[in-house]
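Please go through the structure below with this report at hand.

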Number of protein chains: 2
Amino acid sequence: MTLSEENYLKAIFNLEEQTHKSVPTNAIAEMMETKASSATDMVKRLSEKELLKYKPYQGTRLTPKGKSHAVKVIRKHRLWETFLVENLDFSWDEVHEVAEQLEHIQSDKLIHQLDKFLGYPKTDPHGDPIPDEEGNIAKIKKKVLAELQQEDEGICVGVDDSSSAFLKYLDKLDISLGNKIKVIEKEAFDNSMVIQVEENTISISSLASKNIYVRKTS
Amino acid sequence: MTLSEENYLKAIFNLEEQTHKSVPTNAIAEMMETKASSATDMVKRLSEKELLKYKPYQGTRLTPKGKSHAVKVIRKHRLWETFLVENLDFSWDEVHEVAEQLEHIQSDKLIHQLDKFLGYPKTDPHGDPIPDEEGNIAKIKKKVLAELQQEDEGICVGVDDSSSAFLKYLDKLDISLGNKIKVIEKEAFDNSMVIQVEENTISISSLASKNIYVRKTS
DNA sequence: CTTAATTTTTAGACAAATCTAAAAATTTGT
DNA sequence: ACAAATTTTTAGATTTGTCTAAAAATTAAG
């Protein structure tokens, strides 16, 4: 399994998760930041290896074998992200690029021991669940912050938009995973809200509140 | 800089360290477990990038730029080995293969933070010095155990042969880095010796004692 | 000091992963 | 339902890193 094949597999897995439909070649190309012709070539190769089913012009779906491989890569990615944040003082927005490289290291023992070293974490620094050794991914009950009503309380459990810009913005606002959030006021006009994060009271836009996931606690 | 280029650079660096002469193409090919023609091709490419000086039929020498790059890779390799042994319970003989992969991860911050996390170690699990951020490699005063005389004492500071077989053998004998070793008896006939390692008294062959480095303490 | 052995290089081929440009299939709009 | 727009595939080229086989240079031996 080459680096590039693994990256395609991961991209296709994510796209299939979003739509639960067969994945169009163009969508793959876009996610991989490459040309449709390159995506076609790769999809054919992965199809020969039985990691996915591909019908020309009909898009692709991962086979169980392909899915299992993709999940392993995601497990590695999320464990490494956790290590970087917990032990090497990386911030949320810095981890992705490095984890993209580390996720391709091949060693079952390494990843098993890393998991143990980290204390078998359930989620990564963005709140996304870390698949277990068998490839099971826990479903995390979450709502977008925007859905909460005045007086509602919740715990920050993740973000939807993992872009560096958004994560830096959250850092500035001192919002991080595990924080207690209470809705003080909702503004009907522009859907902005005033919230209390731990001890601080701040105002955030509708766009921001739609990208923050919480587990409701009241 | 591709993965393969980095591996060649590292190989050439090590060969140049051993002989302090210009490195023959065949030696490179042998170390890389590839064919001479492949080594020629690569050496030409690295020469164009000014990482080494290459004269057809005359062998190659790294430029300062090439040397500096090779040392960075070695620094990463040795830091990762230290991490694997210290934090993930790998044994000496298991680390090499994984470190060969990890050494190619590109991130200055990662390696800086890893160094800090490990407490700025001076040597890796085999006793080899870890280059500092500027690329300086500390010289470690060491002798082969075989050179010690009866009654001499030393501390185990490294091994010459890092093969899995030899390292496993040392593990079985309970010899590891930092152990106090005392020569009880030298056998002139076959150059084997009886030594005391910490509390245990054992007998080792000439071959083994020539592959263990010690810092003499008496 | 020539010939033989060895080392090294060149030439040509191949696989992986990509690209551009053009052809083919599918979907959409009227 | 037919032409237009879009999506997808094919064909052919390129780069990286490798190989084999043959040629060229160097070194060793009688």
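## Strand pairing

In this predicted model, Gly154(A) stands opposite Lys216(A), a residue of strand S8(A). The strands S4(A) and S8(A) run antiparallel and are joined by five bridges.

S8(A) also pairs with strand S3 of chain A, residues 143–144, in the antiparallel sense, here over two bridges. In this pairing, Lys143(A) stands opposite Val214(A) of S8(A).

## Helix H7 of chain A

Helix H7 of chain A covers residues 164–172, and Phe166(A), Leu167(A) and Leu170(A) are buried in it. Seen down the axis of H7(A), these buried residues fall within an arc of 95°, so they line one face of the helix. On the other side of H7(A), Ala165(A) and Lys172(A) are exposed.

What do the buried residues of H7(A) pack against? They pack against three elements of chain A: strand S4 (153–159), helix H8 (206–209) and strand S8 (212–216). Two of these, S4(A) and S8(A), are the strands joined by five bridges.

Just after H7(A), the backbone at Asp174(A) takes a positive phi of about 65°.

## Cysteines

How many disulfides does the structure hold over all chains? The count is zero.

Is Cys156(A) buried or exposed? Its relative accessible area is 3%. Buried means under 20% relative accessible area, so Cys156(A) is buried. Cys156(B) also counts as buried, at 2% relative accessibility.

Conventions. Residues numbered from 1 in each chain as written. Chains lettered and ligands numbered in written order. Predicted model: local features only at pLDDT ≥ 70, side-chain atom pairs only at ≥ 80, totals over all residues. Heavy atoms only, no water. Buried < 20%, exposed > 50% of the residue type's maximum accessible area, 1.4 Å probe, protein only. Helix = DSSP H or I, 4+ residues; strand = E, 2+ residues; numbered from the N terminus. Arc of directions from axis to C-beta. Contact = heavy atoms within 4.5 Å. Pairing = 2+ DSSP bridges. Disulfide = S-S within 2.5 Å.
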